[in-house]
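Please open the structure in your viewer and keep the selection panel at hand. This tour goes from one selection to the next and says what is found at each stop.

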Amino acid sequence: MTQKTESLIEKALQGDKRTIGLLLSCFEDRRAEQIKKQSEYIKALQKHQESHCAILVGLTGSPGVGKSSLIDQMSYHLLQEDRSFRIAVLAVDPSSSISGGSFLGDRNRMRLNQWGDRFFFRSQASGQHLGGMSSQTFPAARLLYYLFDLVFIETVGTGQNEIEIASLADQTLLVLQPMAGDQIQYLKAGIMEIPDAIVLNKCDQKEVFEKSLYSLKASLPLSLGGDISIFPTSNFNGEGISELCKYIRQAVKAAESWKAKELVYLEMWIREELGLQRLNLLNQHSSVEKLILKAGGLEAAQWELLQAP
Ligand SMILES: Nc1nc2c(ncn2[C@@H]2O[C@H](COP(=O)(O)OP(=O)(O)O)[C@@H](O)[C@H]2O)c(=O)[nH]1
Ligand SMILES: [Mg+2]
């Protein structure tokens with residue numbers, strides 16, 4: 001490991017936001033030489049943080065349901081409750097390249113400066129052409145995992161991204177808002193197979209809330225088997241926030257499933273970057289699991305794949 005790497009990692013571990021931003025730019029870059037650097041950084045982090053355990057929590061749902069506000073409220077709660085706790089937020093907006101995006105919106109909902117080094121926010125302009133989680137979000141989340149105790153990933157609820165989030169996050173929350181309508185609307189509102197829990201936000205809107213909760217519960221057995229938790233929350237009066245935080249704290253620790261995540265991610269990445277044929281070929285002769293083992297890490301395996309013709 002070079003001295004430069006060592007000093008960058010040390011600064012990042014101390015919470016230096018500029019350094020973390022710099023490292024993130026490397027992890028958001030898919031070029032081979034950057035992946036090689038990523039491998040070096042991850043190895044250095046693993047050396048420092050051998051027993052580190054963080055949680056990756058994905059929030060998905062249509063624009064405007066209150067995801068950013070919820071992340072802000074939950075972060076406030078968790079950071080206040082535990083003075084050593086540290087949180088990072090990755091806000092992904094696939095539509096931003098066309099619409100100008102809601103990044104400013106996301107950023108504005110967060111009380112960024114109050115917590116100093118204990119709260120970090122990054123928005124990602126994924127753009128339509130760049131594919132899903134595997135292009136930028138997962139590598140970035142992987143870096144942040146080693147630097148923080150909790151990483152929130154906010155995505156807009158459209159298609160592929162959600163399924164990928166669900167396979168890579170430890171907990172996926174589907175955020176919905178009350179609506180004056182029937183069950184069918186709820187089924188349409190999100191990809192209902194994926195969440196670990198549902199948040200019905202804006203429960204301060206009393207008139208529509210009760211009806212919506214009823215209709216949501218009624219529509220659940222059709223798609224989810226009905227045993228999923230529903231958390232009513234309000235960012236306006238704080239209702240339900242501490243219950244939701246408690247749920248998250250009890251959630252599975254990322255370290256337990258990190259190996260599984262690496263496999264899912266590497267398959268996704270090979271498919272996207274090198275094509276399905278290459279993946280099939282690889283699986284015929286070996287497996288992604290063996291590949292990671294042999295290369296000595298996820299990023300090292302990616303680097304090797306990029307080197308082989
Ligand atoms: N009534 C009510 N409005 C909310 C609540 N949470 C968020 N909002 C509003 O909903 C809008 C969208 O919020 P935002 O957090 O940006 O949603 P996102 O697009 O899902 O990230 C904003 O105008 C918020 O003020 C809530 O709990 N109750
Ligand atoms: Mg938002």
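Two residues are taken to be in contact if their C-beta atoms, placed from the backbone, lie within 7 Å. Please bear in mind on every stop that this is a predicted model.

Begin by selecting helix 4 together with helix 11, which covers residues 241–249. Gln 73, Met 74, His 77 and Leu 78 are the residues of helix 4 to highlight, and they meet Ile 241, Ser 242, Leu 244 and Cys 245 in helix 11. Sorted by class, this contact has five nonpolar and three polar residues, with no charged ones. The two axes come within 10 Å and cross at roughly 70 degrees, and helix 4 and helix 11 are therefore roughly perpendicular to each other.

Next, select ligand 1 and the 19 residues around it, of which Gly 66, Lys 67, Ser 68, Ser 69 and Asn 235 come nearest. By class, the shell has eleven polar, five charged and three nonpolar residues.

For the last stop, select helix 2 (residues 17–27) and helix 7 (residues 137–147), whose axes lie 8 Å apart and which pack at an angle of about 145 degrees. Viewed as a pair, helix 2 passes helix 7 in a right-handed crossing. Which residues of helix 2 meet helix 7? They are Ile 20, Leu 23, Leu 24 and Phe 27, and their partners in helix 7 are Pro 139, Ala 140, Leu 143 and Leu 147.

Notes:
Residues numbered from 1 in each chain as written. Chains lettered and ligands numbered in written order. Predicted model: local features only at pLDDT ≥ 70, side-chain atom pairs only at ≥ 80, totals over all residues. Axes fitted to C-alpha atoms, helices over the stretch in contact; angles between N-to-C directions. Helix = DSSP H or I, 4+ residues; strand = E, 2+ residues; numbered from the N terminus. Left-handed = near helix turned anticlockwise from the far one by under 90°. Near = placed C-beta within 6 Å. Nonpolar A, V, L, I, M, F, W, Y, C, P; charged D, E, K, R; others polar. Parallel < 35°, antiparallel > 145°, perpendicular 65-115°, else oblique.
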